[in-house]
Each structure stands twice: as C-alpha cells, then as structure tokens.
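Here's a quick briefing on a protein model and its ligand. Have the structure open as you read.

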Amino acid sequence: MHNLTLTQPEQLADTEFLRALPKTELHLHLEGSLEPELMFSLAERNGIQLPYASIEEVKAAYDFHNLQSFLDIYYQCADVLRTEQDFYDLTWAYLEQCHAEGVVHIEPFFDPQTHTDRGIDIEIVINGISRALQDGKEKLGISYGLILCFLRHLSEEAAFATLEQAKPFLQHFVGVGLDSSEVGNPPEKFAKVFAAAAELGLKRVAHAGEEGPVEYIEGALDILDVQRIDHGVRCTDSDAMIQRLADSRMPLTVCPLSNTRLKVYQDMSEHPILELLDKGVCVTVNADDPAFFGGYLLANYQALSNALGMTRLQAAQLAANSIEASFISDEEKQRLLKQLQDVLDQLSA
Ligand code: HPA
Ligand code: ZN
C-alpha cells in the first residue's frame with residue numbers, strides 16, 4: 001500500500017478532485033471506445049450500411065444481460081474500422097478523452113483477429129493505432145504501452161498465427177492479453193502461445209474471473225504467468241485467492257461500469273472493489289469499453305464515489321495502485337507517485 005497523506009481523508013471524492021489525480025488506465029479495449037457518432041461517420045466514409053437508423057437506435061441496442069450479449073454487438077460495430085486512418089481516429093478520440101480526465105499513462109488493448117478475420121492487414125491496424133499513440137505522447141504528454149489481445153473463443157493455433165503476423169511490429173507493443181468469451185475458454189487453452197510471447201520478451205495479462213470462476217484466475221497466474229489479472233472480481237469467491245492476490249500485490253484491473261452493465265453485479269452498491277482495496281489487493285479502476293458501458297475512466301471513479309461512498313483517500317490509493325500496476329519503469333512510477341502526492345498536498349492545503 002502507498003503512504004499517501006491527505007488532511008481530509010473522509011471527504012467524498014468529487015469530480016474535480018478525481019480529475020486532478022494523475023491516473024493510468026490499464027484495461028481499455030480501443031474497439032470499445034468507438035462512440036456511436038464516430039461509428040456513423042466511419043460507416044459513411046467507408047460506404048457501409050449500418051443495421052441502425054440513428055444514434056438513438058444504437059444506444060437503445062446497448063442493453064446487455066451478460067458478456068456474450070455485449071460481445072455480439074461489439075464485434076459487429078468494429079466492422080466500420082477499415083483503414084489506417086479509421087484506427088487513428090478511433091485511438092485519437094480516446095486520447096483526447098484521457099487528456100480531459102487527467103489520465104497520464106495508458107496501456108490499451110486491441111483485438112487484431114477482429115480485423116484480420118475480415119481481411120484487414122494487421123499492419124493497417126497497428127500503424128493507425130501506433131501513430132495516434134505517438135501523437136498523443138508528443139502533443140498531449142500521455143505515455144503508453146500497447147497490448148495485443150488474443151480472442152479466446154478462437155483456437156490457440158489462430159492465436160499463434162496472430163503472434164506470427166505481429167512479429168514484424170514487436171516494437172509497437174509491450175505485451176499480450178486474452179479477452180472475449182470467458183466461460184468455456186479457460187486460460188490453459190492458451191498456455192503455449194503465452195509461453196511463446198514470454199520468450200519474445202512480452203508482458204502477459206489475461207481477462208479472468210469476470211464471469212468465469214476463481215479457477216480461471218488461478219490458471220492465469222500459474223499457467224499463463226501473467227503480471228496482471230483483468231477484472232478478477234470473482235476472487236471474492238475464495239478467501240485464499242484474495243489473500244494470495246494481496247500478499248503478492250498482483251494487480252486486478254477492475255471495471256465497475258462494465259460489471260454493472262454486463263450484470264456481473266445488479267447494482268453498483270454490490271461492487272466489492274473498495275473491500276478488496278481495504279484488504280490490500282492492488283485493485284485499479286478502468287473503463288473497459290466506455291462507448292458501450294456509459295462512461296470513461298472518470299465516470300467509473302465517480303460511480304464508486306456515488307454508490308459506495310469512496311473517500312478522497314481511497315480514490316488516491318486507487319490512482320496510486322494504477323501507477324504501481326503499470327508497465328512503466330520504477331523511476332517513472334516514483335515520479336508519478338510524487339506527482340500524485342503533490343496534487344494531494346495542493347488540494348488539501
Ligand atoms: N471481457 C471480455 N472480452 C472483452 C471485454 C470484456 O470485458 N471487453 C471487450 N472484450
Ligand atoms: Zn475487458
């Protein structure tokens with residue numbers, strides 16, 4: 001845990017306080033940041049007929065009852081992304097939002113197979129995203145590390161083929177991840193391809209324990225040798241797992257609005273993130289797929305304040321965890337943690 005000091009710790013965290021905290025975002029699917037407005041303009045630019053007549057109709061369709069009901073629409077929407085400029089525009093829009101919300105470092109995901117399976121070259125995807133990320137670093141001061149995710153509903157051979165296609169672009173990403181339909185696609189299905197990624201010097205993360213059981217978290221740790229667990233909230237089914245995560249400071253990239261929109265919890269008041277924080281688990285706050293789940297990073301922090309009475313000190317601890325859990329250097333972590341403490345000193349002066 002971090003030794004942050006704050007003179008008024010019991011105060012509820014409000015939007016301006018939350019915005020001022022230097023934060024990282026470690027669980028964000030770029031395809032999930034495709035806003036309906038941009039989707040319509042890309043559809044027009046690419047001459048694509050959407051199955052929706054209006055933005056209102058799109059938003060009405062975003063009424064999910066579980067992960068799969070979301071994924072079906074999410075993959076359909078991604079079809080408007082065709083050119084390098086489309087991937088640039090998608091990424092740039094997300095970066096502008098980060099800039100407005102006090103996000104200083106990001107490690108976003110992208111799903112190459114969603115695009116290569118439609119006949120789009122991986123080079124187009126990676127170049128568009130990377131060019132925007134580089135512009136974001138230069139023009140907005142947001143540092144980054146890109147993470148390539150394998151789709152777990154597809155085979156391990158398909159994941160290997162994707163890793164092979166990505167090899168010429170290795171310098172563009174820091175790690176690999178595992179996403180899509182969780183239940184029935186356990187971590188061990190991808191043991192060999194994660195080992196191959198480790199051999200290439202890549203970091204590993206995996207979605208586990210979103211809808212799937214605590215055994216999937218265990219599998220991600222023991223078989224995939226991950227440095228972070230994405231979601232991981234089902235660890236609450238096992239005191240032993242909570243203890244293991246806390247003792248090892250294994251980060252969980254938790255996504256509160258995603259969890260309520262996909263009915264992992266019926267109401268935000270049931271969300272365990274602050275209990276896990278208080279037990280010493282390195283939980284972080286993230287938006288997952290903000291265009292589909294009703295809010296970016298700040299809205300996720302705000303929801304915890306509104307529904308769970310998150311204090312300013314808890315919010316600052318979550319921001320500090322997001323720095324600790326990132327793949328930046330130790331020097332950079334120390335610099336950002338100091339920046340965070342400076343902000344707290346100023347705000348409570
Ligand atoms: N879970 C699994 N796959 C995903 C998600 C998620 O929350 N978002 C985008 N792909
Ligand atoms: Zn996710």
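A polar contact here is a pair of N or O atoms within 3.5 Å; within protein, one must be able to donate a hydrogen and the other to accept it, and residues adjacent in sequence count only if both atoms are side-chain atoms. With that in hand, a nitrogen atom of ligand 1 sits 2.7 Å from an N or O atom in the side chain of Asp289. Taken alone, ligand 1 exposes 260 Å², and the protein buries 100% of that (accessible areas come from the Shrake-Rupley method with a 1.4 Å probe, and for residues only the protein chains shown count as cover).

The model is predicted, so local features need pLDDT of at least 70 and side-chain atom pairs count only at pLDDT 80 or more, while totals for chains, interfaces and linings use all residues. Residues are numbered from 1 along each chain as its sequence is written, chains are lettered from A and ligands numbered from 1 in the order in which they are written, and side-chain values use heavy atoms, with hydrogens and water left out.

**Around the ligand**

- The residues surrounding ligand 1 include Phe70, Tyr74, Asp179, His207 and Asp288 (near means that a heavy atom of the residue lies within 4 Å).
- By class, that shell has four nonpolar, four polar and four charged residues (Ala, Val, Leu, Ile, Met, Phe, Trp, Tyr, Cys and Pro count as nonpolar, Asp, Glu, Lys and Arg as charged, and the others, Gly among them, as polar).
- Helix α4 (residues 67-77) gives the largest share of the shell, four residues (helices are DSSP runs of H or I with at least four residues, strands are E runs of at least two, and both are numbered from the N terminus).
- His29 has a polar side-chain atom 3.2 Å from a nitrogen atom of ligand 1.
- For His231, a polar side-chain atom lies 3.1 Å from an oxygen atom of ligand 1.

**Strands**

- Seven strands make an open sheet with parallel pairing, in the order β3-β5-β6-β7-β8-β9-β10 (two strands pair if DSSP finds at least two bridges between them).
- β3 (109-110) and β10 (283-285) are at the edges with a single partner strand each, so one side of each has no neighbour in the sheet.
- β3 pairs with β5 (residues 147-151) in the parallel sense over two bridges, and Phe110 stands opposite Leu148 in β5.
- β1 (residues 23-25) and β2 (residues 103-106) are parallel partners over three bridges, with Val103 in β2 as the bridge partner of Lys23.
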